[in-house]
Amino acid sequence: MTTSAEPTAESTVEELTVDELAARTGMTVRTVRFYATEGLLPAPVRRGRIAYYGTQHRMRLELVRELQDHGYTLAAIERVLAHIPHDASPADFAMQAAMFTPWMPERAEELDRAALERRAGRQLSAEDVDLLVSLGVVDPSDHDTFRTTPSVLGMGLELIDLPVPAAVLREAAEVIHSHAAAVADGLTDVFRRGIWEPFRRGETTDRDQLAVVVSRLRPLVVRGLVNAFGHAADRAIRRTVVDPP
């Protein structure tokens, strides 16, 4: 890069060479340079022939790594970073990480077919893999690999081992996924209007606390959904089986 930028209050906290920045973020120098050429990093401060990187660069790279670990594509990461100003504070980055970190408590692994079978502890037929994909247990990628977590994979294997026709499992999965998408869209809209937009307008000043609130909302919302589903299922069973019209 040939451009330069004036240091901000945040960027002067740390002065790292590209080698030091790579070491601090667990990346290679080549990867750091690649992200810089892709526009994911602001320009460094140059003194003579040496470029120095600061806190802003480190935090952006740490967020990039976090999002990559959770399966975000480079294009998706670019869209996330586009909403974060170059002079964002650590609290801003904490807020973004809380927003975009997936809800699943486990990080997904990317496995090829052989690794997937080793993780499953058994051979999987093409029909088994296709059913696991249909159930949302594993997500296929463009590189003949699959993303899943150990607990979700274990649940999926238990499902396909049940003496239940695959067609019934697929239909049940479609019902769950369609309603889950509607609930997620509704909750996202509520969060956007009630929390995110006031934050973007500057009406919420305690960003550290807001990041904690966002991260704590996740398990509470999941527990609320499970509880609501349990009550709804009980009512549906009584209505259709115990007390049919």
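This is a predicted model: local features need pLDDT of at least 70, side-chain atom pairs count only at pLDDT 80 or more; totals for chains, interfaces and linings use all residues.
Is Tyr35 buried or exposed? Tyr35 is buried, because its relative accessible area is 4% and the cut-off for buried is under 20%. Phe34, by contrast, counts as partly exposed, at 38% relative accessibility. These two residues, Phe34 and Tyr35, form an aromatic pair, with 5.7 Å from centre to centre and 55° between the planes, and the pair is classed as tilted. The structure holds 1 aromatic pair, and this is the one.

As a general background to both, nonpolar side chains tend to be buried together in soluble globular proteins.

Leu116 brings me to helix 6, which covers residues 113–120 and whose buried residues are Ala115, Leu116, Glu117 and Ala120. What covers these buried residues? Among the elements that do so are strand 3 (109–112), strand 5 (145–148) and helix 8 (150–161). Just after helix 6, Gly121 takes a positive phi of about 80°.

Let me stay with strand 3 for a moment, where Glu110 is found. Glu110 is partly exposed, with a relative accessible area of 44%, and, not counting residues up to four places away in sequence, Glu110 touches Ser141, Thr145, Phe146 and Arg147. With one of these, Thr145, there is a polar contact between the two side chains, at 2.8 Å. Glu110 can also be placed relative to His70, from which it is 40 residues apart in sequence and 10.0 Å apart in space, C-alpha to C-alpha.

My last stop is a pair of helices. The axes of helix 7 (residues 126–134) and helix 9 (residues 166–200) come within 9 Å and cross at roughly 25°, which makes helix 7 roughly parallel to helix 9, because the angle is under 35 degrees. Which residues meet between helix 7 and helix 9? On the helix 7 side they are Asp130, Leu131 and Ser134, and on the helix 9 side Ala166, Leu169, Arg170, Ala173 and His177.

I would like to end on His177, which lies in helix 9 and counts as partly exposed, at 38% relative accessibility. Leaving out residues up to four places away in sequence, His177 touches Ser134, Leu135 and Gly136. A polar atom of the His177 side chain lies 3.4 Å from the backbone oxygen of Leu135, while His177 and Gly136 are 41 residues apart in sequence and 8.5 Å apart in space, C-alpha to C-alpha.

Terms used:
Residues are numbered from 1 along each chain as its sequence is written. Side-chain values use heavy atoms; hydrogens and water are left out. Rings of Phe, Tyr and Trp (its six-membered ring) pair if their centres lie within 6.5 Å; planes under 30 degrees apart count as stacked, over 60 as edge-to-face and the rest as tilted. Buried means under 20% relative accessible area, exposed over 50%, partly exposed in between (1.4 Å probe, protein chains only). Helices (H or I, at least four residues) and strands (E, at least two) are DSSP runs, numbered from the N terminus. Contact means heavy atoms within 4.5 Å. A polar contact is a pair of N or O atoms within 3.5 Å; within protein, one must be able to donate a hydrogen and the other to accept it, and residues adjacent in sequence count only if both atoms are side-chain atoms. Axes are lines fitted to C-alpha atoms, for helices over the stretch in contact, and angles run from 0 to 180 degrees between N-to-C directions. Angles under 35 degrees count as roughly parallel, over 145 as roughly antiparallel, 65 to 115 as roughly perpendicular and the rest as oblique.
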